[in-house]
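Here is a walk through one structure, helix by helix. Keep the view open as you read.

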Amino acid sequence: MTWILLIGMFTINTFPQLMLIGIGLFAMTTLFSFVTLPVEVDASRRAVTWLQDAGITDRATTAMASDALHSAAYTYVVAALSSLATLIYYIMIFLGGRRN
């Protein structure tokens, strides 16, 4: 996908369909990251519950484990938003390249 987008950027004036194909592929990965986002966030929530129920964490370490797992879950949120921003960037390149 990356190579398709890169070649599409260089050939946007002669073969714009290649860039459009790359944008479509990237859009699918962006959609996948947003669709799986609730699963990832819920996994961190379930992990905190499991750590407490299994007795792995005590009262003092549960808060730290919870913070770490919530931070891990938010990395998926940031990755999804980053993917969306990159998708918009590629679309803007495509639309800007077509004007020239």
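Is the crossing of helix 1 and helix 2 left-handed or right-handed? It is left-handed, which means that the near helix is turned anticlockwise from the far one by less than a right angle. Helices here are DSSP runs (H or I, at least four residues), numbered from the N terminus. The axes of helix 1 (residues 2-10) and helix 2 come within 8 Å and cross at roughly 150 degrees. Axes are lines fitted to C-alpha atoms over the stretch in contact, with angles from 0 to 180 degrees between N-to-C directions. Helix 1 brings Ile4, Leu5, Ile7, Gly8 and Met9 to the contact (heavy atoms within 4.5 Å). Helix 2 brings Leu18, Met19, Gly22, Ile23, Leu25 and Phe26.

A word on the source. This is a predicted model, where local features need pLDDT of at least 70 and side-chain atom pairs pLDDT 80 or more, while totals for chains, interfaces and linings use all residues. Residues are numbered from 1 along each chain, and side-chain values use heavy atoms, without hydrogens or water.

Stay with helix 2 (residues 16-35), where Thr30 lies. Beyond its neighbours within four places in sequence, Thr30 is in contact with Ser83, Leu84 and Leu87.

Now move to helix 3 (residues 37-53). Leu37, Ser44, Val48 and Leu51 are buried there. Seen down the axis of helix 3, the buried residues fall within an arc of 70 degrees (directions from the axis to the C-beta atoms), so they line one face. The face turned away carries Pro38, Val39, Trp50 and Asp53, which are exposed (over 50% relative accessible area). Just after helix 3, Gly55 takes a positive phi of about 80 degrees.

Terms used:
Helix = DSSP H or I, 4+ residues; strand = E, 2+ residues; numbered from the N terminus. Expected span 1.5 Å × (residues − 1). Buried < 20%, exposed > 50% of the residue type's maximum accessible area, 1.4 Å probe, protein only.
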